[in-house]
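Here is a walk through one protein chain. Keep the sequence and the structure in view as you read.

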Amino acid sequence: MAAAAATLPELSLSLQFADKAHRAQLPRHKVRRWIRAALDELPAEITVRIVGEEEGRTLNREFRGKDYATNVLTFDYAHEPVVVADLVLCAPVVEREAADMKLPLADHYAHLLVHGTLHAQGFDHEDDEEAQEMEALETRILLGLGLHDPYARD
């Protein structure tokens, strides 16, 4: 049993709620589990910040030049020897998307935290090949957590 625990990557997690609406959906132990599942073997220092529409829009406009709130923004500062990143999730956007996809809110948060954690390690989806690789990895991780395949086509 101890050997299995030793294989988990070390994770320093800061969980912040500027928008407290979904705090009950995001208990620290679940957030930690979802992020750890997406981490490679490197230790990580990750801050997760749940924000409202205004802060989400401001950050997306200032850092990506896109004037709308998006579901998750990843600010990755280092990939090695420690993954260091901030993941900013916009609660109203996440809630709308989950409702549109008829998913439990926590499941959609899990997907976006996995997605953001992969970005924090250098994965991207700028072209078709990168997108296929990242989507396959997300699917494998989420299925391993007992969650849905976010890219399953009906």
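This is a predicted model: local features need pLDDT of at least 70, side-chain atom pairs count only at pLDDT 80 or more; totals for chains, interfaces and linings use all residues.

Residues are numbered from 1 along each chain as its sequence is written, and side-chain values use heavy atoms, leaving out hydrogens and water.

Begin at strand β2, residues 44–51. Helices (H or I, at least four residues) and strands (E, at least two) are DSSP runs, numbered from the N terminus. Six of the eight residues in β2 are buried, meaning under 20% relative accessible area with a 1.4 Å probe, protein chains only.

β2 has a partner in strand β1, residues 11–17. Strands pair if DSSP finds at least two bridges between them. Here seven bridges join the two strands, which run parallel. Serine 12 has glutamate 45 of β2 as its bridge partner. The chain goes from β1 through helix α2 (residues 28–38) to β2, a left-handed β-α-β crossover.

Now turn to helices α4 (residues 91–101) and α5 (residues 105–120). Their axes, lines fitted to C-alpha atoms over the stretch in contact, come within 9 Å and cross at roughly 115°. Angles run from 0 to 180 degrees between N-to-C directions. In contact (heavy atoms within 4.5 Å), residues of α4 including Val94 and Met101 meet a set in α5 that includes Leu105 and Tyr109.

Notes: Buried means under 20% relative accessible area, exposed over 50%, partly exposed in between (1.4 Å probe, protein chains only). A crossover is right-handed if, with the strands pointing away from the viewer, the path from the first strand over the helix to the second runs clockwise.
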